[in-house]
Amino acid sequence: MLPNARLTAAQVINSVFKDGAYANIALGKALSKQNHSEQDRRFVTELVYGTVKAKGTIDWLLQQLVSRPLGKIEPMILNILRLGVFQIYFLERIPASAACNESVNLAKKFGHEGIVKFVNGVLRGAVRSKESIVYPDAEKDPRQYLALKEFHPDWLVKRWLKQFGFEGAQALCRFDNEPPPLTLRVNTLVSDRKTLLASLQEDGFEAEPSKWCEDGIVCTKIPELSVLFSKYNDMFYVQDESSMLVAPVLAPQPGQTVIDVCSAPGGKTTHLAQLMQNKGVIYATDIHEHKIKLIEENSRRLGITIIEPSLQDAAEFKPEWASMADCVLVDAPCSGLGVLRRRAEARWKKNKLDLKTFPPLQRDILRNAARYVKPGGRLVYSTCTLEQAENHYIPAEFLENNSNWQYAGFQHPLTGETVDELQLLPQHDGTDGFYICALVRKE
Ligand SMILES: C[S@@+](CC[C@H](N)C(=O)[O-])C[C@H]1O[C@@H](n2cnc3c(N)ncnc32)[C@H](O)[C@@H]1O
């Protein structure tokens, strides 16, 4: 018997909201265990990401249909209701009756008759009230309007309204709700973009060269993901176009000594190794032991031998490395507000207070990592966030306090003009939100 796509989706959603799992990891695990057709795999993916991203609005809708607080409903049943409401309100192509019936069937697996009746009643109510739901007025209450219409927490919408205005905030929210394209960085140690692109196209992929990075490929249609991993295993690294910009800005040369202080799972460090033609050495550290294995696995898969991974707190000085490196990368831990489209649950896990924890850590890491750079050497500081306090102000403050450093300047990847820093904005650039700044230690 074929596995039930909605059941798989409900279980993944439940592990996200009940157990705090990452949606992409829980989904990947569930799909690898179940023998779903390719079409069903896509459907499960759409259900999981859609429901998880829209959770705030779904709960707002549900709360109008249920008299008790949602927290009092058994988690699996609540998550079946969330999945049902998502289909009824936001998946136009699914007939509402099918969404109700299938949800009731799911409820039968997890609850007694009374619960099944409750699910049935709530979802029939959702269908009836669909056309009469009144959202807050966009002009009178733009914050609540965007939060509910565009599926984001209202504290974040408030922040973005201030930073980008209504249209900018709306475009940014909408960007986060779209599925990201699959972007690949070609492993230039074993292939080149033209060859890989042609081969992927022969296998039915719709793919085009990235305009941002000369080694990047953007896939817009993927016939079967498993082909990519089985046939082209050592030829690519899955990476957003914005992340692909970092290694070329650091621009290490073959034979040099490089330190990448926040390097797991190894996306940028393996790119640095490619640019170095696998000659020289890269000390790649991270604070989490389990992530060190990921750097090792990625290096092995791509045939890279110059990366030496180790466990190290980037804010703690390692005296043996003083003034040793030609290039240092600080791809700092950050609030990650530029990559919300990729991490479906992240918007619901973050909060305003968490944001305050990053700048002090980033300051410490930058200050410490800079001590590893030799005179004349370069340092790149990058984040995947949109927060000025974690971006511009961190290197700017560092330069104010360290007169033996200055901006290195680098070429804007599209315009070619020389810039000191680059802030990519999803709503403007169509990439993840990302910040890059290059510094040089004076001779
Ligand atoms: C933005 S991610 C790095 C991504 C990586 N550069 C890549 O391209 O694949 C930030 C990393 O910093 C690590 N990290 C957080 N705090 C750290 C610290 N104090 N010292 C070293 N690494 C840290 C996290 O474990 C995480 O892997």
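**Exercise 1.** In which helix is Ala23 found? Determine also whether Ala23 is buried or exposed, and which residues Ala23 touches beyond its sequence neighbours.

*Solution.* The model is predicted, and the steps below read from it.
- Step 1: Ala23 belongs to helix α2, which covers residues 23–33.
- Step 2: The relative accessible area of Ala23 is 0%, and because buried means under 20%, Ala23 counts as buried.
- Step 3: When residues up to four places away in sequence are not counted, Ala23 touches Val12, Val16, Val48, Tyr49, Ala344 and Glu345.
- Step 4: For one of these, Tyr49, the separation from Ala23 is 26 residues in sequence and 7.4 Å in space, taken from C-alpha to C-alpha.

**Exercise 2.** Work out at what angle helices α8 and α9 pack, and which residues make the contact.

*Solution.* 
- Step 1: Helix α8 (residues 142–149) packs on helix α9 (residues 154–177) at an angle of about 95°, and their axes are 9 Å apart.
- Step 2: Angles of 65 to 115 degrees count as roughly perpendicular, so α8 is roughly perpendicular to α9.
- Step 3: From α8 the contact draws on Pro142, Arg143, Gln144, Tyr145, Leu146 and Ala147, while α9 supplies Asp154, Val157, Lys158, Leu161, Phe166, Ala169 and Gln170.

**Exercise 3.** Identify the buried residues of helix α18 and the elements against which they pack.

*Solution.* 
- Step 1: Within α18 (residues 393–401), the buried residues are Ile394, Pro395, Ala396, Phe398 and Leu399.
- Step 2: These buried residues pack against helix α17 (358–370) and against β9 (373–383), β10 (405–407) and β14 (434–441).

**Exercise 4.** State how far apart the C-alpha centres of domain 2 and domain 4 lie.

*Solution.* 
- Step 1: In the domain assignment, domain 2 spans 142–177 and domain 4 spans 243–441.
- Step 2: Their C-alpha centres are 28 Å apart, and the contact takes 16 residues from domain 2 and 16 residues from domain 4.

Terms used: Residues numbered from 1 in each chain as written. Predicted model: local features only at pLDDT ≥ 70, side-chain atom pairs only at ≥ 80, totals over all residues. Heavy atoms only, no water. Axes fitted to C-alpha atoms, helices over the stretch in contact; angles between N-to-C directions. Helix = DSSP H or I, 4+ residues; strand = E, 2+ residues; numbered from the N terminus. Parallel < 35°, antiparallel > 145°, perpendicular 65-115°, else oblique. Contact = heavy atoms within 4.5 Å. Buried < 20%, exposed > 50% of the residue type's maximum accessible area, 1.4 Å probe, protein only. Domains from an automatic or database assignment.
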